[in-house]
Amino acid sequence: MKRIRTLYWPAVWDTLALLLWGLMLLRYWWSGRLAVLLHPDYHWLAIGAGWVLVGMGLWRGVTLFRPTPPSASAGAHIALLPRQWSLMVLLAIAVFGLIYVPRPFASDAALARGIADPVALTRSQPQQFARQTPPAERSLIDWIRTLNVYPEPDAYTDQPVNVTGFVIHPPQWDDNYLMVARFVLTCCAADAYPVGLPVELTGDRAEFPPDSWISVQGEMQTETLDGQRRLVIAPQEVLTVPEPKNPYEF
Amino acid sequence: MSQLNQGLTLFLSLLVEATPFLLLGVAFSSMLAVLVDERKLIAYTPKNPVLAAISGSLFGCLFPVCECGNVPVARRLLMQGAPSALAIGFLLAAPTVNPIVFWATWIAFRDQPAMVFWRVGLTILISVIIACVFSVQKDMRPFLQPAIARYLPSPEPKPEPALVGSGSNLLSGGDFLLQSTGTLKLDQPMMATLGATTALPQQSWRDKAQAVLEMMLQEFRELGAVLVFGSAIAATVQVAIPREWILDLGQGPITSILAMMLLAWVVSICSTVDSFFALSFSSIFTSGSILAFLVFGPMIDLKNISLLLTTFKGRAVVYLFVLAAQLTFVLTLAVNLYTSW
C-alpha cells in the first residue's frame with residue numbers, strides 16, 4: 001500500500017508517453033514499415049530518436065517512486081498547452097501509432113494526385129544531372145527523368161524497357177491500356193509523387209487489377225492516347241510480382 | 001476509406017521524420033538554458049545598431065533554438081542589457097539561422113538546395129531590417145511587459161540611485177539578494193527573477209544533466225503535442241481539400257504566398273521541422289510561397305504570439321508582426337516574379 005501512495009503520477013504519465021513514443025518509432029523499424037514512411041537515407045534518424053525517447057523514458061521511470069521537485073530552470077518554462085493535454089495527445093498518438101499499420105500509397109492516391117503528365121506543374125526542378133543509364137536498366141523514375149529532359153516520344157521508339165510498378169486503371173483510357181506506376185520519395189511520404197508509363201495490353205486490363213504489382217518487359221513505341229502523343233510500352237511479357245519491400249523509388 | 005489510410009500514412013510519416021529534429025532542437029535549447037551564460041556573450045558584441053542586428057541574427061548559429069526557445073533567450077538577453085537590435089535580430093532570425101534548421105531544410109529540399117540559401121538569406125535580411133527599425137527606439141521599456149522592463153537600464157544618464165548599488169550597502173525593503181550586477185527584489189515575479197539570474201549557479205554536473213533532461217522532457221511534451229496538431233492539419237489539407245482548389249490557389253504568384261503565410265501562421269509548426277511540412281506542398285505551390293512559409297512561420301505564428309506577449313507589450317508584437325509579414329510578402333513576391341527559380 002505504501003508504494004502505491006508514494007507513486008508520483010506525473011512521472012508515470014511522462015514515462016509512459018516517452019516509452020510508447022520511442023517504441024512506436026522502433027516498432028516501424030522492426031516491422032520493416034519504416035520504408036513506407038521514410039526515405040531509407042533517414043531511417044537512422046528515426047531509429048536514433050526512438051532509442052533516445054526510450055532512454056528518456058527509463059530515466060524518467062527512475063523517479064517514479066522518488067518524487068523530485070522540478071528544478072528551477074524547468075520552472076521558468078512558459079507553458080502553452082496545459083501539461084495534461086499535451087501528455088494525453090502524445091499518449092493517444094503513441095498508442096494509435098503502435099496499433100495502426102501504415103500502408104503505402106496506392107492507385108487511387110496516384111489518380112487523385114494527378115499522374116497523367118510526365119511534365120508536372122511546378123514540380124520541384126531537380127538541380128542535378130541524372131546519370132545516363134542504358135534503356136533496359138532504367139527504372140520508372142529514370143524513364144520519367146529522361147522524358148523530362150527530352151520529351152519527344154519518337155526518340156525512344158524500339159528501345160528495350162524493363163520496369164516494375166503497381167497497376168493503375170485510368171478511367172478515361174480504353175480497356176486494353178493500363179499504367180504501371182511508382183511513387184517517388186525525396187524525404188518522406190509527405191512529398192511522394194506518382195510517376196508512370198502507359199502499357200498497351202493485348203488482352204483486357206481486368207487481368208491485372210489496380211494496385212497489384214507487375215513487372216513489364218517490352219519495347220517502347222509512340223501512340224496517341226487520350227488525344228495526346230505519348231510513349232507507350234508494348235510489352236512482350238507482363239508478370240505479376242509481389243509488392244517489393246520498399247514500394248517507393250528515389 | 002482509402003483516403004483515410006492515405007491521410008494516416010501521411011500523418012505518421014511527418015511525425016516519424018520530424019521527431020528526431022524536434023528532439024535535437026529541444027536538447028540544444030535545454031542545454032543552452034542550463035549551461036550558457038549569455039552575459040559573457042553580450043560583453044563581446046558590438047554596440048552599433050546595424051552590427052548588433054547582424055550579430056544578433058547570427059547568434060542562432062550558437063543557440064540552435066526553435067521559435068519556442070528563442071523568446072526566453074531573447075528575454076534573458078534584454079534583461080542582461082543587450083542592445084535592442086541584438087535581441088530583436090536574435091528573436092526573429094535564431095529559429096531559422098541555425099545548424100539544425102539548416103540541416104533539416106537541406107534534407108527536406110534535397111532536390112532544391114537553393115531553397116536553403118534563400119531561406120537563410122531572406123531571414124537574415126528581414127531580421128536585420130526590423131532590428132534596425134526597433135533600434136531607433138532608444139528606450140525599449142515602453143515596449144516591454146513591466147516585469148521585464150524594470151530590469152532594463154535607463155538610456156538617460158543614471159539618476160541618483162536611492163539606496164542600493166551606490167555607497168550604501170543597506171538593504172531596502174523588499175530586497176532579496178545582493179549580486180555583483182545589482183539587487184534582486186523579493187517582491188518581483190519569480191519568473192523574472194529566475195530569468196535575470198545566471199542559470200543555476202554552482203551546480204554539480206549531475207544536477208545540471210538532471211536539469212537539462214527535465215527541461216528537454218518539458219519542451220518535448222509541449223512541442224510534441226503542437227507537432228501532432230501541425231502534422232494532422234497538413235495531412236488533412238492534402239487529403240480532404242479538393243485538389244483543384246489548392247491548385248488554383250497555389251499557382252497564383254500572390255494568392256499562393258498569402259495562402260502559405262496564413263498557413264504558416266495558423267499551423268505554428270516548430271522551425272526545426274517545418275521544412276518537412278512545407279515539402280508536402282512544394283509540388284503544387286510556387287517556390288516563392290514555400291519560401292514565404294519557411295521565412296515567416298518561424299518569426300511569428302499563432303503559437304509564439306502568446307510567448308511573445310510574455311515579454312513584449314501588445315503594441316510591440318503588432319509592430320513585429322506587421323513588419324515581418326510585409327517584408328516577407330514583398331520579398332517572396334519579388335522571388336516569384338523576378339527570378340526563374
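Trainee: How many salt bridges does the rule find across the interface of chain B and chain A?

Mentor: The rule finds three salt bridges there, a salt bridge being a side-chain nitrogen of Lys or Arg within 4 Å of a carboxyl oxygen of Asp or Glu. This is a predicted model, in which local features need pLDDT of at least 70 and side-chain atom pairs count only at pLDDT 80 or more, while totals for chains, interfaces and linings use all residues. Residues are numbered from 1 along each chain as its sequence is written, chains are lettered from A and ligands numbered from 1 in the order in which they are written, and side-chain values use heavy atoms, with hydrogens and water left out.

Trainee: Which side chains meet in a salt bridge at 3.5 Å, N to O?

Mentor: Those of Arg60(A) and Glu214(B).

Trainee: What area do chain B and chain A bury between them?

Mentor: About 5,900 Å², with 67% on carbon and sulfur atoms; buried area is the accessible area (1.4 Å probe) that two parts lose on being put together, summed over both. In chain B, the residues that lose the most area to chain A are Val16(B), Asp111(B) and Arg221(B), together 12% of what that side buries.

Trainee: Turning to chain A, into which domains is it divided?

Mentor: Chain A has domain 1 (9-66 + 80-99) and domain 2 (107-240), with bounds from an automatic or database domain assignment. Five residues from each of these domains take part in their contact, where contact means heavy atoms within 4.5 Å.
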